[in-house]
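Dear colleague,

I am handing over the structure below, followed by an account of what was found in it. Please read the text with the model open beside you.

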Amino acid sequence: MTTKMRAALTVEKQVAIALWKLAMPDSYQSVGNQFGVGKSTMGAAVMQVANTIKDLLISRVVTLGNVQVIVDGFAAMGFPNYGGAIDGTHIPILAPEHQAGEYINRKWYFSMVLQALVDHKGRFTNVNVGWPGKVHDARIFRNSGLFQKLQEGTLSQTRK
């Protein structure tokens, strides 16, 4: 927002800040200095871009597509009856103020878990993110929309 003290950040600068922070292991202060903004402004820009990507882009890019094509693609690679490859990764975070113990993972650092499914071409077809680092991959999967669709037998009927 433009104030008497400074002009608002352009969308281009916000995206540049977010991409830099997401791609580099630099601190908030270091990235802020790189772009001439404070830590809180930098953090707000990253969150705004991330939320915009989640709200507008993910549902267009991350889609299941044709399940039979994926199964056939894996079969051609020597993996019959596979519908995807799934794994989780821990994204390091700063210790949250509340319930910090829930975010300490088995390797003793604070994290959030991202679990993703890819097709035979390595394209993301399902993403689940936001669980505390302490939570086991199996529990995350059992509570995912993907698992629910598998249980209901509706996976091949959806595009998300």
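In this predicted model, there are four aromatic pairs, a pair being two rings of Phe, Tyr or Trp (for Trp, its six-membered ring) whose centres lie within 6.5 Å, with planes under 30 degrees apart counted as stacked, over 60 as edge-to-face and the rest as tilted. One of them joins Trp-20 and Phe-35, whose ring centres are 6.1 Å apart and whose planes stand at 80°, so the pair is edge-to-face. This pair links distant parts of the chain, since Trp-20 lies in helix α1 (residues 11-23) and Phe-35 in helix α2 (residues 28-35), 15 residues apart; here helices (H or I, at least four residues) and strands (E, at least two) are DSSP runs, numbered from the N terminus. With a relative accessible area of 31%, Trp-20 is partly exposed, whereas Phe-35 is buried at 19%, where buried means under 20% relative accessible area, exposed over 50% and partly exposed in between, for a 1.4 Å probe and protein chains only.

Another pair, Phe-74 and Tyr-82, is tilted, with 6.0 Å from centre to centre and 35° between the planes. Phe-74 is buried at 7% relative accessibility, while Tyr-82 is partly exposed at 40%, and ring pairs link Phe-74, Phe-79 and Tyr-82 into a cluster.

To return to helix α2, its residues Val-31, Gly-32 and Phe-35 are buried. They cover an arc of only 100° around the axis (taken from the directions from the helix axis to the C-beta atoms), which puts them on the same side of α2. Asn-33 and Gln-34, on the other side of α2, are exposed, and the helix is followed by Gly-36, whose phi is positive, near 70°.

A search of the whole structure finds three salt bridges, each defined as a side-chain nitrogen of Lys or Arg within 4 Å of a carboxyl oxygen of Asp or Glu. In the bridge between Lys-134 and Glu-102, the N to O distance is 3.7 Å. That pair also links distant parts of the chain, with Lys-134 in the loop between β3 (124-132) and α5 (137-142) and Glu-102 in the loop between β1 (85-92) and β2 (111-118), 32 residues apart. Lys-134 is exposed at 52%, and Glu-102 is partly exposed at 35%. Asp-119 and Arg-123 meet at 2.8 Å, N to O; Asp-119 is buried at 6%, whereas Arg-123 is partly exposed at 44%. Lys-54 forms a salt bridge with Asp-55, the closest N and O atoms being 2.9 Å apart.

Ile-53, Leu-56, Leu-57 and Ile-58 make a nonpolar surface patch of about 320 Å², with areas from the Shrake-Rupley method with a 1.4 Å probe, for which only the protein chains shown count as cover for residues. Patches are made of residues with over 30% relative accessible area and no salt bridge, like charges being joined within 9 Å and nonpolar side chains (Val, Leu, Ile, Met, Phe, Trp, Tyr) within 5 Å. Ile-53 lies in helix α3 (residues 39-61) and is partly exposed at 33%.

As to confidence, the protein averages a pLDDT (the predictor's confidence in each residue, from 0 to 100) of 86, and 92% of the residues score at least 70.

Residues are numbered from 1 along each chain as its sequence is written, and side-chain values use heavy atoms, with hydrogens and water left out. Because the model is predicted, local features need pLDDT of at least 70 and side-chain atom pairs count only at pLDDT 80 or more, while totals for chains, interfaces and linings use all residues.
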